[in-house]
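Q: Could we go through this structure together? I would like to begin with the strand pairing and then move on to other parts.

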Amino acid sequence: MSPARLPNSYFEQMYAASADPWEFTTRWYEKRKRALTLAALPRPRYRSAFEPGCGIGVLTVELAGRCDRILATDIVDDALRRAADRLAGAAATVDLRRWGLGDDWPAEHFDLIVLSEVCYYLEAPALRTVVDELLDHLESDGVVLCVHWRHPVPEYPLTGDEVHAILGGHRGLSTVGSYRDDDFLLEVFTPARSPRHSVAQQEGLV
Ligand SMILES: C[S@@+](CC[C@H](N)C(=O)[O-])C[C@H]1O[C@@H](n2cnc3c(N)ncnc32)[C@H](O)[C@@H]1O
């Protein structure tokens, strides 16, 4: 366990108390947020996606319809077991692994990294290190999608707004799209080192 992030036991207790601790499968709030998340992805398909903190795999299933392969990880075995059940027969090749932000990164590269409701469990310096490492594992045409709840949660080291300030303020990332309401912030980043191509440019419209 790293002291720079909320302990695994915090999440293990949540999964011991509920099969779906954040009510991803039942709340309209979550369903709508997932729809906006999927809609914000600038390309129709991705070769290799990374989703740290996949939980019970509700978002992973929807990402599977847009990706050839997904590496989906969590720090709680119960969550990974439930994700495996949900992802049986998924449209993509999904590799489920126990791994957490703050651990050593896998020796792989991705053209999509999805950080959904997972970055505020880290302290600010640890999150900055994660962003440095993320850039080393992001393809030059890669996309980072980041989405976080904005209301304060006393136990979390960071708020959603603080998370997005760290990502948006990192010189290695360029913001190419965003959505904000009272409840959550959603942003799409590409590597600052790469040329920017809007969706209309990709389609030859401009
Ligand atoms: C709110 S859920 C988000 C699930 C999924 N990303 C989504 O948005 O539908 C947060 C998940 O992150 C996991 N988690 C907590 N700390 C983590 C870390 N440092 N690295 C990876 N996953 C973590 C928890 O176990 C939990 O399953």
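Q: Which residue stands opposite Ile-113 in β4?
A: Phe-50 stands opposite Ile-113. Please bear in mind that this is a predicted model.

Q: Which strand does that pairing involve, and in what sense does it run with β4?
A: Strand β1, residues 46-52, pairs with β4 in the parallel sense, over 2 bridges.

Q: And how many bridges are there between β4 and β5?
A: There are 6 bridges between β4 and β5, and these two strands are parallel as well. One of the pairs is Val-114 with its bridge partner Leu-145 in β5.

Q: How many residues of β4 are buried?
A: For β4, 7 of its 7 residues are buried, and the strand is described as mostly covered.

Q: What about the pairing of β1 with β2?
A: β1 and β2 run parallel and are joined by 6 bridges. Within β2, Cys-67 has Tyr-46 opposite.

Q: Moving to the ligand: how many residues surround it, and which are the closest?
A: The ligand is surrounded by 21 residues, the closest being Tyr-15, Gly-53, Asp-74, Leu-101 and Ser-116.

Q: What share of the ligand area does the protein bury?
A: The protein buries 98% of the 600 Å² that the ligand exposes when taken alone.

Q: Back to β4 for a moment. Which residue lies in the loop between β4 and α5?
A: Glu-117 lies in that loop. Its phi is positive, about 60 degrees, although the residue is not a glycine.

Q: Is Glu-117 buried or exposed?
A: Glu-117 counts as buried, because its relative accessibility is 13% and the cut-off for buried is under 20%.

Q: What does its side chain reach, and what else does Glu-117 touch?
A: The side chain of Glu-117 reaches the backbone nitrogen of Trp-149 at 3.1 Å. Not counting residues up to four places away in sequence, Glu-117 touches Tyr-29, Lys-33, Val-147, His-148 and Trp-149.

Q: Where is Glu-23, and what is its phi?
A: Glu-23 lies in the loop between α1 and α2. Its phi is near 55 degrees, a positive value in a residue other than glycine. Glu-23 is partly exposed, with a relative accessible area of 34%.

Q: On to α5. Why does the distance between its ends agree with its length?
A: Helix α5 has 13 residues, 124-136, and at 1.5 Å a residue these should span 18 Å; the end C-alpha atoms are 19 Å apart, which agrees.

Q: Which residues of α5 are buried, and what covers them?
A: Ala-124, Ala-126, Leu-127, Val-130, Val-131, Leu-134 and Leu-135 are buried. The cover includes β4, β5, α6 and β6.

Q: Last one: where does Arg-196 lie, and which polar contacts does its side chain make?
A: Arg-196 lies in the loop between β7 and α7. The side chain of Arg-196 makes a polar contact with the side chain of Ser-174 at 2.9 Å. A polar atom of the Arg-196 side chain also lies 3.3 Å from the backbone oxygen of Thr-175.

Technical notes:
Residues numbered from 1 in each chain as written. Predicted model: local features only at pLDDT ≥ 70, side-chain atom pairs only at ≥ 80, totals over all residues. Heavy atoms only, no water. Helix = DSSP H or I, 4+ residues; strand = E, 2+ residues; numbered from the N terminus. Expected span 1.5 Å × (residues − 1). Buried < 20%, exposed > 50% of the residue type's maximum accessible area, 1.4 Å probe, protein only. Contact = heavy atoms within 4.5 Å. Near = heavy atom within 4 Å. Areas by Shrake-Rupley, 256 points an atom, 1.4 Å probe, with all protein chains shown as cover. Polar contact = N/O pair within 3.5 Å; in protein donor to acceptor, adjacent residues only side chain to side chain. Pairing = 2+ DSSP bridges.
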